[in-house]
Amino acid sequence: MRNYQSILILKPDLDEAQVEQSIEKITSIISKFGGAILKLDNWGKKRLAYRVKKNKFGYYLNIYHTCEQGNVPALEREYQLYDLIIKYLVIRLEERDIERVMSKAAEAAEKAESEAKESVTAEKTEGAAKEGVVAEKTE
Amino acid sequence: MKNPTKKKRNLFTQKICRFCSDKIQFIDFLDIKLLKPLISERGKIVPSRISGNCARHQRQMTEAIKRARSIALLPFSEEH
């Protein structure tokens with residue numbers, strides 16, 4: 001089992017439901033070759049740096065996954081045959097690379113959490129301040 | 001009198017590696033903001049002679065740019 005990173009570009013003329021469907025399909029393809037998805041990022045629709053199969057835009061998917069060692073060529077073949085994918089890139093990751101990715105993701109999640117908490121506390125303090133003002137006025 | 005054919009050398013001499021000064025250990029090829037200043041208007045990779053990058057970071061950066069090109073994040077050449 002090794003860790004890999006797949007970046008896939010899907011056709012631009014899909015709607016959200018179709019993108020979800022294709023994500024499911026891609027998940028099943030990866031699990032078919034003895035892999036599991038570790039992390040999946042949907043970057044949404046982005047402008048391409050050059051035209052790919054006459055498309056100027058594309059949906060980017062960034063997937064960190066595992067895969068059985070000999071199965072990567074077969075996985076790439078499946079990507080080629082799936083008609084919604086216009087371009088793909090599969091990269092092998094070392095152990096330290098995947099650790100870095102995971103720690104980064106954990107950090108980002110923590111940050112988002114703390115920010116959410118902060119906004120809640122800020123609201124509370126604001127509310128408290130308002131109450132204080134009201135209290136002063138009544139005095 | 002100075003030799004007029006001799007060019008001034010001080011034009012681009014900012015000899016500090018921008019990755020070393022920012023203490024970047026790993027150059028991610030998905031981070032286009034980082035890589036964009038290191039390609040020319042025509043999409044070429046700027047040589048370390050001009051950008052002032054150290055050899056190690058120049059190697060990592062070249063690989064990152066090539067990967068970003070192959071997945072259409074950076075151009076191979078200008079649009080035509």
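Which residue in strand 3 of chain A does Arg2(A) stand opposite?

Reply: In this predicted model, Arg2(A) stands opposite Cys67(A), a residue of strand 3 of chain A. The pairing to which these strands belong is antiparallel: strand 1 of chain A and strand 3 of chain A are joined over nine bridges. Strand 3 of chain A also pairs with strand 2 of chain A, again in the antiparallel sense, through ten bridges. Within strand 3 of chain A, Leu61(A) is the bridge partner of Asn42(A). Strands 2 and 3 of chain A form a hairpin with two residues between them, and Lys53(A) in the turn has a positive phi of about 50°.

As to burial, eleven of the 13 residues of strand 3 of chain A are buried, so the strand is largely enclosed by the rest of the structure.

The largest nonpolar core holds 33 residues, of which Tyr60(A), Phe19(B), Ile27(B) and Leu35(B) touch the most other members. Among the elements that give two or more residues to this core are strand 1 (2-10), strand 2 (37-52) and strand 3 (55-67) of chain A, together with helix 2 (32-35) and helix 4 (55-70) of chain B. Apart from this core lies another, of 21 residues, including Leu8(A) and Tyr59(A). On the side of chain B, leaving aside residues up to four places away in sequence, Leu35(B) touches several residues, among them Ile27(B), Phe29(B), Met61(B), Ile65(B) and Leu74(B).

Technical notes:
Residues are numbered from 1 along each chain as its sequence is written. Chains are lettered from A and ligands numbered from 1 in the order in which they are written. This is a predicted model: local features need pLDDT of at least 70, side-chain atom pairs count only at pLDDT 80 or more; totals for chains, interfaces and linings use all residues. Side-chain values use heavy atoms; hydrogens and water are left out. A nonpolar core is a set of buried Ala, Val, Leu, Ile, Met, Phe, Trp, Tyr and Cys residues joined through side-chain atoms within 4.5 Å. Buried means under 20% relative accessible area, exposed over 50%, partly exposed in between (1.4 Å probe, protein chains only). Helices (H or I, at least four residues) and strands (E, at least two) are DSSP runs, numbered from the N terminus. Contact means heavy atoms within 4.5 Å. Two strands pair if DSSP finds at least two bridges between them.
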